[in-house]
Amino acid sequence: MRRDNLAAALLLAWLALPAHADIWECVDAGGNRRFTNIKAESKGCKLIDVGPTNTMPAGKQQASSKAAPRDFPKVDGDTQRQRDAERRKILDQEMANEQKLLDEARRELSEQESQRFGSERNYQRVLDRLEPYKKKVKLHEDNIASLRRELTR
C-alpha cells in the first residue's frame, strides 16, 4: 500500500515539473508569421529565445486574507449602522415594488388564461400567447427571491 502511495507521489511530482519547449518563428513568402514548437515543422525558421520562466518566489502570507490595508478608510459604527438602515429601507421599498409588479403580472396572466380566441384551436397557440406573461411572473418571483436573500444577510 505504501509503495503505491509513494509511486503516485513520485508521479505527481514528476508531472509538476516545469515544462520547456523550443519555439520557432516562421515567416512565409507572403510575410505571414507562424509560431511552432514542433521541430519537424521548424525547417528554415528562427529559434526564439523566450528566456527564463516568469516566476515569483512565495512570499509571506498575510495573517488574514480579510485584513484591510493600513491606509484603508475606516467608518465608525454609527455611520455604518446608518448606512445599513438606509440600505435596508431601500431593499424594503424594492421588495414592496416588486410585490406590486408580481401581483399585477399574475393578474394579467390570469386574465389571459381565462380568455380563449377562435384563432387558437390549436392549444400550442394558447401556450405561445401565454408564454410572455408567464416569463414576466417568473422574473418578478426571481427578483423577490433575490431581495429576500439580500435582506437576510
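Buried means under 20% relative accessible area, exposed means over 50%, and partly exposed lies in between, with a 1.4 Å probe and protein chains only. By that rule, buried residues make up 14% of the 153 residues in the protein. This is a predicted model, in which local features need pLDDT of at least 70 and side-chain atom pairs count only at pLDDT 80 or more, while totals for chains, interfaces and linings use all residues. Residues are numbered from 1 along each chain as its sequence is written, and side-chain values use heavy atoms, with hydrogens and water left out.

Start with the overall layout. The protein has three helices and three strands. Helices (H or I, at least four residues) and strands (E, at least two) are DSSP runs, numbered from the N terminus. Along the sequence they follow the pattern α-β-β-β-α-α. Contact means heavy atoms within 4.5 Å. Of the contacts in the protein with a separation of 6 or more, 43% are between residues 24 or more positions apart.

Turn to the strands. Strands of a sheet pair through backbone hydrogen bonds, either parallel or antiparallel. Here, two strands pair if DSSP finds at least two bridges between them. The three strands form an open sheet in the order β2-β1-β3, with antiparallel pairing. Its edge strands are β2 (33-36) and β3 (46-48), and each pairs on one side only. Neighbouring strands of the sheet are turned by 30 degrees against each other on average, direction ignored. Axes are lines fitted to C-alpha atoms, for helices over the stretch in contact, and angles run from 0 to 180 degrees between N-to-C directions.

Now follow the pairings of β1. Strand β1 covers residues 23-27 and pairs with β2 in the antiparallel sense over four bridges. Val 27 has Arg 33 as its bridge partner in β2. Cys 26 is partnered in β2 by Arg 34. β1 and β2 form a hairpin, with five residues between them. Gly 31 sits in the turn and has a positive phi of about 90 degrees. β1 also runs antiparallel to β3, and three bridges join the two.

Next come two of the helices. Helix α2 spans residues 77-114, and its axis comes within 9 Å of that of α3. The two axes cross at roughly 160 degrees. Angles under 35 degrees count as roughly parallel, over 145 as roughly antiparallel, 65 to 115 as roughly perpendicular and the rest as oblique. α2 and α3 are therefore roughly antiparallel to each other. α2 passes α3 in a left-handed crossing. A crossing is left-handed if the near helix is turned anticlockwise from the far one by less than a right angle, and right-handed if clockwise.

What does Arg 129 touch, not counting residues up to four places away in sequence? Arg 129 is found in helix α3, which covers residues 123-152. Its contacts beyond that range are Gln 112, Gln 115, Phe 117 and Glu 120. The side chain of Arg 129 reaches the backbone oxygen of Gln 115 at 3.0 Å. A polar contact is a pair of N or O atoms within 3.5 Å; within protein, one must be able to donate a hydrogen and the other to accept it, and residues adjacent in sequence count only if both atoms are side-chain atoms. Arg 129 is buried, because its relative accessible area is 16%.

Look across to Gln 112, in helix α2. Gln 112 counts as buried, because its relative accessibility is 15%. Leaving out residues up to four places away in sequence, Gln 112 touches Arg 129, Leu 130 and Tyr 133.

Two further residues of α3 complete the walk. Leu 139 lies in helix α3. With a relative accessible area of 46%, Leu 139 is partly exposed. Leu 139 and Ala 105 are 34 residues apart in sequence, and their C-alpha atoms are 9.7 Å apart in space. Asp 142 also lies in helix α3. Its relative accessible area is 37%, so Asp 142 is partly exposed. Asp 142 and Glu 98 are 44 residues apart in sequence and 9.9 Å apart in space, C-alpha to C-alpha.
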